Amino acid sequence: MDLNTGEITGVEALLRWFNSDLGFVSPAEFIPLAEETGFIVPIGKWVLKTACAQNMEWREKGFPVIRVAVNISVRQLQQQNLVDVVSQVLDETGLPAECLELEITESIALENLDYNINILNQLREMGIRISLDDFGTGYSSLSYLKQLPIDHLKIDRTFVQNLATEQKNKAIANAIIYLAHDLHLHVIAEGVETEEQLNFLRMHSCDYYQGYLFCRPIPSDEIEEILDQRAGYSVI
């Protein structure tokens, strides 16, 4: 959600696994195993294509133009053909590149910095937006920020929790917002659950937020209901 206009600017694709014997299996259980075995690569491609196809379907139905954000794993980023894979998915689904946002975590981005900068530059040249997720949770050096080709910084939910009452969290969140804006980046706050948190973020000029205060994770058909209620909105 845009904090200034109240418009929906995008959705984030979250992976869930329903197994007939086990029921719903948490990503915390199966993603590490998929990473370890390398199966995260075909899973990641399926998620990317499914998310892009869904967003294109919404466009064709006349819903407001939004971006869909998809998380990229370390294994995917290390693929020699990642740029080709993303380009192929966009061609096959017909989704404009500017309607796709790829999210990488801070730790993944810095694992092979020079290589990742090259890959991310190629993706941005296509028109895709890049977000840096989990910012501030893993590294103390900020020198990489001036090198990484990114569009958004995401304030990790650990800094958003107790934002209304804990002075240290307030200071960190405010510093991230100020730093990002000084670097000409937009800021997305994750895990916003209370009006107090939202008011603080608005007061300190945060750009966007996501979290249970607005909407819990829901299937695509329920998202259509929300988009339909807000018909007429147009977002960047």
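**Group meeting: a walk through the sheet and the core**

Strand β7, residues 152-155, and strand β8, residues 186-189, pair in the parallel sense, over four bridges. One example: L153 has V187 as its bridge partner in β8. A word of caution before we go on: this is a predicted model.

Stay with β7 for a moment. H152 and K154 point one way from this strand. L153 and I155 point the other way. Are these four buried or exposed? All of them are buried. On its pairing with β6, β7 again runs parallel, this time over three bridges. There, F135 stands opposite I155 of β7.

Now step back to the whole sheet. How many strands form it, and in what order? Seven strands, in the order β1-β4-β5-β6-β7-β8-β9. The sheet is open, and the pairing is parallel. Two strands sit at the edges: β1, residues 10-12, and β9, residues 208-209. Each of these pairs on one side only.

Next, strand β5, residues 100-105. Six of its six residues are buried. Both faces are covered. On one side we find L100, L102 and I104.

Who are the partners of β5? Strand β4, residues 67-71, joins β5 through four bridges, and the two run parallel. In that pairing, V70 has L102 as its bridge partner. Strand β6, residues 129-135, joins β5 through five bridges, also parallel. Two of the residue pairs there: E101 with R129, and I104 with L132.

That brings us to the core. The largest nonpolar core has 68 residues. Which members touch the most other members? L100, L102 and L132 do. Look at L100 in detail. Leaving out residues up to four places away in sequence, L100 touches L48, C52, V68, V70, V86, L90, L95, I128 and R129.

Which element gives this core its largest share? Helix α2, residues 40-60, with eight residues.

The crossing is right-handed. From α2, the residues in contact are Q54, E57 and W58. From α10, they are S220, I223, E224 and L227. By type, this contact divides into three nonpolar, two polar and two charged residues.

One last stop: L15. This residue lies in the loop between β1 and β2. Why is L15 not called buried? Buried means under 20% relative accessible area. L15 has 22% relative accessibility, so it counts as partly exposed. Even so, L15 has a list of contacts. Setting aside neighbours within four places in sequence, L15 is in contact with P27, F30, I31, I43, W46 and V47. Take V47 from that list. L15 and V47 are 32 residues apart along the chain, yet their C-alpha atoms are separated by 7.5 Å.

To recap: an open, parallel sheet of seven strands. Thank you.

Conventions: Residues numbered from 1 in each chain as written. Predicted model: local features only at pLDDT ≥ 70, side-chain atom pairs only at ≥ 80, totals over all residues. Heavy atoms only, no water. Core = buried A, V, L, I, M, F, W, Y, C linked by side-chain atoms within 4.5 Å. Buried < 20%, exposed > 50% of the residue type's maximum accessible area, 1.4 Å probe, protein only. Contact = heavy atoms within 4.5 Å. Left-handed = near helix turned anticlockwise from the far one by under 90°. Nonpolar A, V, L, I, M, F, W, Y, C, P; charged D, E, K, R; others polar. Pairing = 2+ DSSP bridges.
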